[in-house]
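Dear colleague,

I am passing on the model below for you to look over, and my notes on it follow directly after.

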Amino acid sequence: MRGNFESQSVLIEGLKQGNEGAYEYLVEHYHNRLCVYAHSLIRDDLMAEDIVQNVFVQVWEKRHKLKHDFSLENYLYKSVHNKFIDQYRKGKAVMALEKKYIEALELAVEEQDELQEQKILGILFNAIYELPPKCQQIFLMSKKEGLTNIEISEYLNVSKKTVEGQITKAFGILREKLGKKYEVIMMVVFGSETKRLI
């Protein structure tokens, strides 16, 4: 029954013992929240759902390794994030930033010439990868991996203000390098944040 697994220790023990009721409770309790989180990373409903399903399958397959003294919720969210990174690295996922580049090009480039689009994309990406190392790392963690400023600050062990400052610096450098010719694309790609910063 549902109430039997509201305690994390009882839920974990049920999972370790292969109790299908515990697994059903796990899915029912966390599915929607994990899907929302996955979607915030990947911006694709089907891929987000697929990631979450894979995480649940992984938990079931590795249930014997679950420990009573760790946070199951943190483990699930971390697993979703890791699956997302794995899919991106394998080239199976299209990042939200890359989707926005495509959308921006469709709006900003009247002539849908493939070579011209690739040239503009190349200029944009080159500008990002020419940012100073720390600035580039923080910018990509924020805009490509979808991490919040707090998550980045905790991961890199720096202050939130440092993260915000580096992102502001990145926008300034990109604005200077790309010039007004590409400002409309940056506005679409980075949204209202760009308007404040450049």
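The largest pocket is lined by 14 residues, and those nearest its centre are Lys78, His81, Leu147, Glu151 and Tyr155; a pocket here is an open set of points on a 1 Å grid over the protein atoms alone, where a 1.4 Å probe fits, with protein on both sides within 12 Å along at least five of seven lines, and lining residues have an atom within 4 Å of a point. The volume of this pocket is about 450 Å³, taken as the space filled by probe spheres set on the points. Two or more lining residues come from each of α4 (72–89), α7 (133–143) and α8, and α4 gives the most, with 6 residues.

This is a predicted model, in which local features need pLDDT of at least 70 and side-chain atom pairs count only at pLDDT 80 or more, while totals for chains, interfaces and linings use all residues. Residues are numbered from 1 along each chain as its sequence is written, and side-chain values use heavy atoms, with hydrogens and water left out.

Helix α8 (residues 149–156) also packs against helix α9 (residues 160–178), at an angle of about 110° and with the axes 8 Å apart, which makes α8 roughly perpendicular to α9 (the term covers angles of 65 to 115 degrees). Asn149, Ile150, Ile152 and Ser153 of α8 make the contact with Lys160, Val163, Glu164 and Ile167 of α9, where contact means heavy atoms within 4.5 Å.

With best wishes

Terms used: Axes fitted to C-alpha atoms, helices over the stretch in contact; angles between N-to-C directions. Helix = DSSP H or I, 4+ residues; strand = E, 2+ residues; numbered from the N terminus. Parallel < 35°, antiparallel > 145°, perpendicular 65-115°, else oblique.
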